[in-house]
Amino acid sequence: MNIRLPWRDRLFAAFIFFTRLPFWRIHQPRKEAYETVVELWPLTGWLTAGCMAATLYFGSFIVPTALAAIAAIIVRILITGALHEDGLADFIDGFGAGGTHRRRILDIMKDSHIGTYGVVGLILYFMLLHQSLTILPPRITALMILAADPFFKMMTAQLIQMMPYARTAETAKGQVVYRKISIKAGLLLLIQGTLLAIGLWYFAGLPYLCIAIPALVFYLLYLLMHRRINGYTGDCCGAVFLLTELTFYLTYITLNS
């Protein structure tokens, strides 16, 4: 049964959970509010995408675009505390080294040490991400960032509707299990995820393949998680977000360069 929570608690819980900015100094939400953070995940993406896009766009007036792209990546990492990148590394380690053994995959993902698979995966990810942010003009790239971050957080949030949580609250890293999304929260999630994408569509165009191909990647990752661990974890959510977002960048660049 869902507990009715004040909007302020839900809002601050999301920003405290998904960023490292000191929102907790302003308001301390109830513990139950952290079960709802995924419902406002795309809204936190407005913050990270806005800072990242601004860093790249305005930075490109001062330094070469390649350096501005590095600065933009660093800014997002500082804001989020590398939360999603940590999830990606754990995800690659777990599914790479854990084989088909559910318990082993979950144990590896929970281990705080990073393995070879995770290191190689992060290196390849950041190489592709950096290149993706340097090919198109900075104005278009900034719009691309603004569109992608909230949208693919919205898409990834569907995992909690499609599968059960693979652990228990006691064994979860944050001792939190996300609650299912209601119809009202789902509509709010849709607005958060698509509103900024309209700007990219209006100013630069948005071919349908830019959504279709990441959606296919999302589905393949869903199948992998369903078959190997019969559920999702927080690490899985972080990894799916980064991989679908990166797929969007690569697709958009391929179609527009």
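A disulfide is taken here to be a pair of cysteine sulfur atoms within 2.5 Å. The structure is a predicted model, in which local features need pLDDT of at least 70 and side-chain atom pairs count only at pLDDT 80 or more, whereas totals for chains, interfaces and linings use all residues. Residues are numbered from 1 along each chain as its sequence is written, and side-chain values use heavy atoms, with hydrogens and water left out.

Under the sulfur criterion, the count comes to 0 disulfides. The sulfur of Cys236 has its closest cysteine sulfur in Cys237, at 6.9 Å, which is too far for a bond. Cys236 is buried (under 20% relative accessible area, with exposed meaning over 50% and partly exposed in between, for a 1.4 Å probe and protein chains only), its relative accessible area being 0%. Cys237 is likewise buried, with a relative accessible area of 5%.

Two packed helices are described by the angle between their axes and the distance between the axes. The axes are lines fitted to C-alpha atoms, for helices over the stretch in contact, and the angles run from 0 to 180 degrees between N-to-C directions; helices (H or I, at least four residues) and strands (E, at least two) are DSSP runs, numbered from the N terminus. Angles under 35 degrees count as roughly parallel, over 145 as roughly antiparallel, 65 to 115 as roughly perpendicular and the rest as oblique.

Helix H4 (residues 83-97) packs against helix H11 (residues 234-256) at an angle of about 105°, with the axes 7 Å apart, and H4 is therefore roughly perpendicular to H11. The contact (heavy atoms within 4.5 Å) involves His84, Glu85, Asp86, Gly87, Leu88, Asp90, Phe91 and Phe95 of H4, together with Asp235, Cys236, Gly238, Ala239, Phe241, Leu242 and Leu243 of H11. Residues are classed as nonpolar (Ala, Val, Leu, Ile, Met, Phe, Trp, Tyr, Cys and Pro), charged (Asp, Glu, Lys and Arg) or polar (the others, Gly among them), and on this basis the contact of H4 with H11 has 8 nonpolar, 3 polar and 4 charged residues.

The axes of H1 (residues 7-18) and helix H2 (residues 41-59) come within 9 Å and cross at roughly 60°, so that H1 is oblique to H2. The crossing of H1 and H2 is right-handed; a crossing is right-handed if the near helix is turned clockwise from the far one by less than a right angle, and left-handed if anticlockwise. Leu11, Ala14, Phe15 and Phe18 of H1 meet Trp41, Leu43, Thr44 and Leu47 of H2, and these residues divide into 7 nonpolar, 1 polar and no charged. Arg10, also placed in H1, is buried at a relative accessible area of 16%; leaving aside residues up to four places away in sequence, Arg10 touches Leu5, Ala33, Thr36, Glu39, Leu40 and Arg179.

For helix H7 (residues 138-156) and helix H10 (residues 209-228), the axes come within 11 Å and cross at roughly 40°, and the two helices are therefore oblique to each other. H7 passes H10 in a right-handed crossing, where Phe151, Phe152, Met155 and Thr156 of H7 meet Cys210, Ile211, Pro214, Ala215 and Phe218 of H10. This contact of H7 with H10 has 8 nonpolar, 1 polar and no charged residues.

Positive phi values occur in two loop residues. Ala82, in the loop between helix H3 (65-80) and H4, has a positive phi of about 55° although it is not a glycine, and is partly exposed at a relative accessible area of 23%. Asn230, in the loop between H10 and H11, has a positive phi of about 50° without being a glycine, and counts as partly exposed at 42% relative accessibility.
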